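Trainee: Could we take a close look at one part of this model together? I would like to follow a single piece and see what surrounds it.

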Amino acid sequence: SELAAATHLLWDAAAMADAVRAREAMHSTALDNGIALLHPRRPLANILAEAVLALGITPSGIPFSNDGRLTDVFFLICSTSEHEHLRILARLSRVINDVFFLHDLRAVPVAKTAHDLIAAREASMRTA
């Protein structure tokens, strides 16, 4: 949430982190492919200027799921409404459904490359 707050679109990183921890305590958002789609249970419009998507990649997986599977790619979805949250989640789910894309994402050297890779993947899905 600190990374998302650096955009100045998220005004209260601590509140977002608390909401995400509470959501994760209910059930992990970690997927079988080593990706976690972190988000609060309900959108927090009162601490956001607009939707923010933050990405964190660890050099090696960490036990994050309820069953101890390793997770190394973390997306934080911060949205201002349920509709927006579902739209972001649906688009992101389509993007991460490609094992070749995930391999490339895990290998990116810098944040700008990750951003460009995600944008290109999403653009290619719109034209397909």
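Trainee: In which sense do strand 1 and strand 3 pair, and over how many bridges?

Mentor: Strand 1 and strand 3 pair in the parallel sense, over four bridges. Before we go on, this is a predicted model, in which local features need pLDDT of at least 70 and side-chain atom pairs count only at pLDDT 80 or more, while totals for chains, interfaces and linings use all residues. Residues are numbered from 1 along each chain as its sequence is written, and side-chain values use heavy atoms, leaving out hydrogens and water.

Strands (E, at least two residues) and helices (H or I, at least four) are DSSP runs numbered from the N terminus, and two strands pair if DSSP finds at least two bridges between them. One of the bridges here joins Ala-36 to Phe-74 in strand 3. The open sheet has three strands in the order 1-3-2, with mixed pairing. Strand 1 (35-38) and strand 2 (52-63) are at the edges with a single partner strand each, so one side of each has no neighbour in the sheet. From one strand to the next, the twist averages 20°. Angles run from 0 to 180 degrees between N-to-C directions, with axes fitted to C-alpha atoms, for helices over the stretch in contact. Helix 3 (residues 82-95) lies across strand 1, strand 2 and strand 3, at about 145° to strand 3.

Now zoom in on Asp-72, which belongs to strand 3 (residues 70-78). Its relative accessible area is 15%, so Asp-72 is buried; buried means under 20%, exposed over 50%, and partly exposed in between (1.4 Å probe, protein chains only). Leaving aside residues up to four places away in sequence, Asp-72 touches several others, including Gly-34, Ile-57, Ser-60 and Arg-106; a contact means heavy atoms within 4.5 Å.

The side chains of Asp-72 and Arg-106 meet in a salt bridge (2.8 Å, N to O), that is, a side-chain nitrogen of Lys or Arg within 4 Å of a carboxyl oxygen of Asp or Glu. This pair links distant parts of the chain, since Asp-72 is in strand 3 and Arg-106 in helix 4 (residues 99-106), 34 residues apart. Arg-106 has 30% relative accessibility, so it counts as partly exposed, whereas Asp-72 is buried. As a general point, side chains of opposite charge can pair when their charged atoms come close.
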